[in-house]
Amino acid sequence: MGIIWMLIVGGIIGWLAGLITGRDVPGGIIGNIIAGFIGSWLGDLILGNWGPVVGGFAIIPAVIGSIILVLIVSFILRKMGQKKNHGHHA
């Protein structure tokens, strides 16, 4: 049950980050879970481990870390998209 609970909480954290930033996390549910896990690690690194803990995640730093991650990923994807479309004018 532990790992399933972690996946659910990780997914919710990633989904919340997408909602708050107004950007879709690429990869759907799996992307949300990955964003939640990486965001949690990032938040823990930057902000430390404090506040309520659910499913092994310190929720507040995890959500903040995920928001940062979603913004960085969407910025990179947008830059890559611009490069691809840049030299292809008919």
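Me: Helices here are DSSP runs (H or I, at least four residues), and strands are E runs of at least two, numbered from the N terminus. What follows α1?

Reply: Gly 22 follows α1, and its phi is positive, near 75°. This is a predicted model, in which local features need pLDDT of at least 70, side-chain atom pairs count only at pLDDT 80 or more, and totals for chains, interfaces and linings use all residues. Residues are numbered from 1 along each chain as its sequence is written, and side-chain values use heavy atoms, with hydrogens and water left out.

Me: What makes the span of α1 close to the expected one?

Reply: The expected span is 1.5 Å times one less than the number of residues. With 20 residues, α1 has an expected 28 Å and reaches 29 Å from its first C-alpha to its last.

Me: What makes the set with Val 9 and Phe 57 a nonpolar core?

Reply: Such a core consists of buried Ala, Val, Leu, Ile, Met, Phe, Trp, Tyr and Cys residues joined through side-chain atoms within 4.5 Å. The largest one has twelve residues, including Val 9, Ile 13, Leu 42 and Phe 57. α1 (2–21), α2 (28–47) and α3 (59–86) each supply at least two, and α3 gives the most, with five.

Notes. Buried < 20%, exposed > 50% of the residue type's maximum accessible area, 1.4 Å probe, protein only.
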